[in-house]
Amino acid sequence: MPLQNDLSTGFIGRLRSRDPDAWFELWEIFGPILRNQLRRWGKGRIGVETVQDLSQETLAALAGAIDKHDPSRGARFSTWLLAIAKYTFGDEMDRRTALKRGGGKKPLSIEEEWGSPSPHPGPRDFYEQAVFAAKVEAAIRMTERESDFVDFSVFRMRILEGKSGREVGEALRVSEPTVSRKLATIRKRLRSHMTHIIAKFSFTEEEKEEGLRNALGTNPTKADDALFDEAIAEIWRRQLDLRAEDAAFEYGSM
Amino acid sequence: MIISNFASLLVGLLCLVVVIAAPIAVVFVIYKVVRGLCWLIWGAVTGIAAGVGYGFKGIGMGTSHIYSFFKNTVVDALRLVGAALTSIFMIPPILGNVILGRWSAANHYGRAFEGEIKEAWVRLYRLIIGNPIRLIGLKALTEGVEQRLPEVMAHAPGAERPRGGNDRFAGYKITGALPRGGSGARLYLAEPTKEKYDHFAKNGMVCPGEVVIKAFSMEDGSTLPQIVRESRALTAAKELGLVLDHTLEGENFWYVMPYVDGKDLGEVTREMHTVSGNDGLDNKSMRQLLQTSAQLLATLDRFHTAGLWHKDIKPGNVIVSTGNQAHLVDFGLVTPLQSAMTLTTHGTEYFRDPEMVRLAMQGVKVHEVDGVKFDLYSMGALLFSMIENSFPAHGNLSQIRKRCPEALRWIVRRSMADTKSRYASSREMLADVATVLESADPYEVVPADLPSFGEGGQLASAIDPEIYRSSTPSHSSIPAFAAPVQEEQPKSKSRRRPLQRGVLAAVAVLIGIFTAGAVLTATSYESHSAMSPLVAQAHQRDHADAVISRAIRTLETPEAERVRQHLDAHAEAVRALSPQAFDYQIASAKSDAFDCYRHDDHIHHSSGCTGHDVPEMDLLKMPTAKRTDPYDVLIVNDLPPSMSETYLAKVSEALSGADMHPRGLANDDDREIEWLAAARKAAGVGFPNDPDSLEQLEQFVLENEVLDAVFWIMEGDDEGLLISRFVTEDGPVGLSNSAVDLSQSPRN
């Protein structure tokens, strides 16, 4: 298995060399997070089209920033991504306020604005959770691409949709042990992809341990499997809710 | 005595207990009273504090609300005055241009004036009505006027009288207009004249009483790429009965389609969900959904059998007419499955497979991908949107949360799965949908009952889509479909067989109905003699694309090889500059190659292309073969420094890949610097659009002993426009502007 640092710096290298696949991957995984984040910052002041435009501008800004990125400075991957999105958004708001009212908000004030005490996770935590969930989703996607359709469907029905082993077995006319076996195959593959994805999109040691902190360890015991499934299901549920919010925002405007 | 003493002791003890307990009891009572009082005081204090807090918060919110009102009022008042002033300043230029007869400029100022007046009205409305209503908290009252009304107005049909009058569309009488689509075209409702009916009847065509005319006009803001794109699949669309008639005249292009009266599927879906409730579709609506899906899949099968890729399946492009008949409309993006064009990202987000976008970014050709599977992904997304009344925001991992038969969930998953696991053909998917549709209770059908599901928890062997793609869409093809499915599953459980037979019969009937409805009539194109050069050239590219892709592949002459080499070099270099524009660039390049081929009788006949396919143009001469070693291509770079840094290495790499030797990139090579100066001098100021300039550059290449071609890249006048020219010693090959303004072509 390649070293985590190699994976991360290798990916940065591919971005620097303008590898379209690497940029597409970055966009596919984190584009929705950026759009969600921009929408939250916009708080109704910007519409779907502006969110789309700004997310693309963020990508363009990333293309400019990637050449100057220095991993040794210890910034988290998520922070790096957020900082660029924040400045893109701040620029847009500055431009708008300059046009309309003659004064603008500085990018740094964006976070302060919604940093009020709340029993819910703060915006920063929310964002970090969303970035981690995006990594999990990317790993699930990779697993889906590489897996047999029926095997992955078993995982999907059992874990992501929360059906019982018996229900899945009846739907596919297979025995429960077969369901468990197929599930174990997918779980193993998913773990491997989780390791890969987290390493690829992590700049700091602390970021690399996110999986472990979220009960997605890579050296499981039998008991860990249940925890792993539960953690995946929980992250997936949050991810669905997040996207449902985005979908409602966008579908309402379609 | 003893008794008396004992009694005294008891009394003494009792007194002692009373003396000790009484103060304790008093203290206890006082403690309770004080505690109660403290609780009361604390409650009162915190209550007051909270009340004060809420009070301040309320005051704050109220102040903020009033502040917003005043701020909005001031801003709206200033904007109203600003709009009024600006519109006043615009009156003299309008009048001046009208007096001078400069109609275009007058029109331009007029539109701007109209915009300012609209702005002024909006601000006036906000000042007088909107802001005061919001101030008193009745915002909900204004939402209809401020949000829904503009939306409805924006989607209102255009003018019913087309530019040029009602006689603009010969043979048709305009009866109304439809809302404009996203392609920039205007849509009119019309009735064919009696002569037109007779004309159709004479050609064996059935013409409906009402038709839709989709009209593109440069004057109305349509662009050439739109026209090229729409006209690309015209022949195939006619064969499918989607288009009845078309005309290219001057800078106008229009075609006629049968009119389908109904609602779009998005609207129908919303209505079904409103009736069914929040948990999902009721049984009746679920049946309707399944029927609609089956109808669409049967239609899609016709497209695929005819070798076409619809490429834009979405609720807005499905019309459900009376009797719940679903019609797939809008073939603006229809592409031949075997097209040699480069894959583009056109389509609608959420209904377009992200994998297609990834492949398009890699610059793959259409014929290198399986377009059928991308259409099936869109069908899956469409099914999802009908079930969920939303779109699949998670792509193929989108989860259906509303009430839905398990087998239908499976069909959606399978149609949106990774391409290797996806349905191989629309018929395979249709067979699964028909299984659910034909069952007594769709909720009783499980994925394992579906025809595409094999034994032992595995998928049935993929059915070879080529079998269906090569067959003609007629009744005779149905048994060919039914047979392999039955043969594929000889060991199916016996209880499933009657169901499958019913399903296959249903599929056969569905396909039969839609096939019988198709009008398979190929009509010849109108005479090309009336075309403007601009539109003729666009039309020529339509034909050239199909013919050239065959010709280039089949011809093995040295000349063909040489042209291929030139084209590849130019195309690859241009693609390095702008992948998005490559579609048009390669079309341009191929068209030029086609000209070259046509100029040579031998090749002309070999390619099987016939003279009437393409109007006579000012043709280029075929480059003559002189040498076989790698070409030396001088790269003249006129891009701004920021773009040079990004693209030059890629251009160089692309040329090297096409067996060309890039020159002119070394800053320290005196000879190359001299060549660059000489090339610039030769091209002069007329480059890149002046034909003389290109000729001089051609002469420069001819006279140079080392160089074989010049590849010149520059930024165009308009933002985002890239221009490139590839000039060999035999002339320019493959003219390319990223924004595809073909009127800039040196040959016009």
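Predicted model: local features only at pLDDT ≥ 70, side-chain atom pairs only at ≥ 80, totals over all residues.
Colleague: Let us begin with chain B. How many helices and strands does the secondary structure of chain B come to?

Modeller: Chain B comes to 22 helices and 16 strands.

Colleague: And what share of its residues counts as buried?

Modeller: Of the 748 residues of chain B, 40% are counted as buried.

Colleague: What about contacts in chain B between residues 24 or more positions apart?

Modeller: Among the contacts in chain B with a separation of 6 or more, 67% are between residues 24 or more positions apart.

Colleague: Which order do the strands of the open sheet in chain B have?

Modeller: The open sheet has five strands in the order 1-2-3-5-4, and the pairing is antiparallel. Strand 1 (172-178) and strand 4 (245-249) of chain B are the edge strands, each pairing on one side only.

Colleague: How many bridges join strand 3 of chain B to strand 5 of chain B?

Modeller: Seven bridges link strand 3 (residues 211-217) with strand 5 (residues 252-258) of chain B, and these two strands run antiparallel. Within strand 5 of chain B, B:Met257 is the residue that B:Val212 stands opposite.

Colleague: Changing topic: how many residues does each chain give to the contact between chain A and chain B?

Modeller: Chain A contributes 23 residues and chain B contributes 22 residues.

Colleague: Which elements give two or more residues on the chain B side?

Modeller: They are helix 9 (354-362) and helix 11 (406-415) of chain B. Helix 9 of chain B gives the most, with four residues.

Colleague: How does that side divide by class?

Modeller: The side of chain B that touches chain A has ten nonpolar, seven polar and five charged residues.

Colleague: On to chain A. At what angle do helix 7 and helix 9 of chain A pack?

Modeller: Helix 7 (residues 149-160) and helix 9 (residues 176-200) of chain A pack at about 95°, and their axes are 8 Å apart. Because of that angle, helix 7 of chain A is roughly perpendicular to helix 9 of chain A.

Colleague: Which residues meet there?

Modeller: From helix 7 of chain A, A:Asp151, A:Phe152, A:Val154, A:Phe155 and A:Arg158 take part, and they meet A:Val179, A:Lys182, A:Leu183, A:Thr185 and A:Ile186 of helix 9 of chain A. This contact has six nonpolar, one polar and three charged residues.

Colleague: Is helix 7 of chain A mostly covered or mostly uncovered?

Modeller: Helix 7 of chain A is mostly covered, with ten of its twelve residues buried. Among the buried residues are A:Asp151, A:Arg156 and A:Arg158.

Colleague: What phi does A:Gly162 take, just after that helix?

Modeller: A:Gly162 has a positive phi of about 75°.

Colleague: One more pair: how do the axes of helix 2 and helix 3 of chain A cross?

Modeller: The axes of helix 2 (residues 20-42) and helix 3 (residues 48-65) of chain A cross at roughly 125° and come within 9 Å. The two helices of chain A are therefore oblique to each other, and the crossing of helix 2 past helix 3 is right-handed.

Colleague: Which residues are in that contact?

Modeller: Helix 2 of chain A brings residues including A:Trp27, A:Gly31 and A:Leu34, while helix 3 of chain A brings others, among them A:Val51 and A:Leu54. By class, the contact has six nonpolar, four polar and two charged residues.

Technical notes
Residues numbered from 1 in each chain as written. Chains lettered and ligands numbered in written order. Contact = placed C-beta atoms within 7 Å. Nonpolar A, V, L, I, M, F, W, Y, C, P; charged D, E, K, R; others polar. Pairing = 2+ DSSP bridges. Axes fitted to C-alpha atoms, helices over the stretch in contact; angles between N-to-C directions. Parallel < 35°, antiparallel > 145°, perpendicular 65-115°, else oblique. Left-handed = near helix turned anticlockwise from the far one by under 90°. Buried ≥ 20, exposed ≤ 12 C-beta atoms within 10 Å, placed from the backbone.
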